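Student: Please show me how to read this structure, one feature at a time.

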Amino acid sequence: MKTESLEKRIKTVKESLPPNTLLVAAAKTRTSDEVKAAIASGITAIGYNYVQEAEVMRQALKEWETREAPHKVQWHLIGHLQRNKAKKAVELFDMIETIDSLRIAEAVNNRCASINKVMPVLIEVNSGRESNKTGVSHDEVIPLVGQVAELPNIKILGLMTMGPRFGNPEETRPYFRLTKKLFDQLATEKASRAEMRYLSMGMSNSYRQAIEEGANIVRIGTRLFADRNEN
Ligand SMILES: *Cc1c(COP(=O)(O)O)cnc(C)c1O
């Protein structure tokens, strides 16, 4: 029963997205059965906020992923990365969406170098300049991209932002627009190793606005996993 409605919700969200949009299922606090059901229903990317929680889930799904999963799954880190978790993070994730300092980028780069991996990353923009939020403030984005792009075991593929959360998602729109402006600006810098391929913006209540403002990755949790009245 639950699987069926989860399947329906995923289908509805997917059908509302433009082609070539990557839907990342934000899976924090979900059970392994829920995550499996989501993958079985067509989810190809799972996002986790915490390294530890992702590790537990990847372990729980390991057998199933290799033997039974209908397709390959990408694992994205969508929460803040602490330096002492960089080693685990580079082993567990296919993309880190939340690089917001040279210090953390260097830690990731060094860990990747030791296992011969090049990690796709996004730079997280604190588009609302909120003091309690992670991400780099917009005037620092371009210089940081320049520095991180030099690191050989990291590949910058775009930007991510949360944006301030409002009851009315239209109020988040200007922050998405601001992030897209930076994205476009960076895209013109052809000499850089950084590539502006992905723009990750929008969650359950704001993904429509984010898509309209140019997002091609959306990170959605509640709308996929829970009935709206459960929220
Ligand atoms: C939880 C989370 C989401 C998804 O939020 P919902 O409102 O449940 O869709 C997206 N991005 C990040 C970084 C999150 O932590």
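**Helix packing**

Tutor: Helices α6 and α7 cross in a right-handed way. A crossing is right-handed if the near helix is turned clockwise from the far one by less than a right angle, and left-handed if anticlockwise. This is a predicted model, in which local features need pLDDT of at least 70 and side-chain atom pairs count only at pLDDT 80 or more, while totals for chains, interfaces and linings use all residues. Residues are numbered from 1 along each chain as its sequence is written, and side-chain values use heavy atoms, with hydrogens and water left out.

Student: At what angle do the axes of α6 and α7 cross?

Tutor: Two packed helices are described by the angle between their axes and the distance between the axes. Axes are lines fitted to C-alpha atoms, for helices over the stretch in contact, and angles run from 0 to 180 degrees between N-to-C directions. Helices (H or I, at least four residues) and strands (E, at least two) are DSSP runs, numbered from the N terminus. Here the axes of α6 (residues 138–148) and α7 cross at roughly 25° and come within 11 Å. That makes α6 roughly parallel to α7; angles under 35 degrees count as roughly parallel, over 145 as roughly antiparallel, 65 to 115 as roughly perpendicular and the rest as oblique.

Student: Which residues of α6 and α7 meet?

Tutor: Contact means heavy atoms within 4.5 Å. From α6 come His 138, Val 141, Ile 142 and Val 145, and they meet Leu 178, Leu 182, Gln 185 and Leu 186 of α7. This contact has 6 nonpolar, 2 polar and no charged residues. Ala, Val, Leu, Ile, Met, Phe, Trp, Tyr, Cys and Pro count as nonpolar, Asp, Glu, Lys and Arg as charged, and the others, Gly among them, as polar.

Student: How far apart are the axes of α2 and α3?

Tutor: The axes of α2 (residues 32–40) and α3 (residues 51–67) are 10 Å apart, and the helices pack at about 50°. That makes α2 oblique to α3. Their crossing is right-handed. On the α2 side the contact is made by Ser 32, Val 35, Lys 36, Ile 39 and Ala 40, and on the α3 side by Met 57, Ala 60, Leu 61 and Trp 64. By class, the residues of this contact are 7 nonpolar, 1 polar and 1 charged.

**Aromatic rings**

Student: How many aromatic pairs does the structure hold?

Tutor: Rings of Phe, Tyr and Trp (its six-membered ring) pair if their centres lie within 6.5 Å; planes under 30 degrees apart count as stacked, over 60 as edge-to-face and the rest as tilted. The structure holds 1 such pair. Tyr 48 and Trp 75 are stacked, 6.3 Å centre to centre with 10° between the planes. Tyr 48 is in strand β2 (residues 45–48) and Trp 75 in strand β3 (residues 74–77), so the pair ties together parts 27 residues apart in sequence.

**Single residues**

Student: Is Thr 179 buried or exposed?

Tutor: Buried means under 20% relative accessible area, exposed over 50%, and partly exposed in between (1.4 Å probe, protein chains only). Thr 179, in helix α7 (residues 173–187), is buried at 0% relative accessibility. Leaving out residues up to four places away in sequence, Thr 179 touches Val 125, Ser 127, Leu 159, Thr 161, Leu 199 and Met 201.

Student: What is the relative accessible area of Arg 83?

Tutor: Arg 83 has 46% and is partly exposed. Arg 83 sits in the loop between β3 and α4 (86–92).
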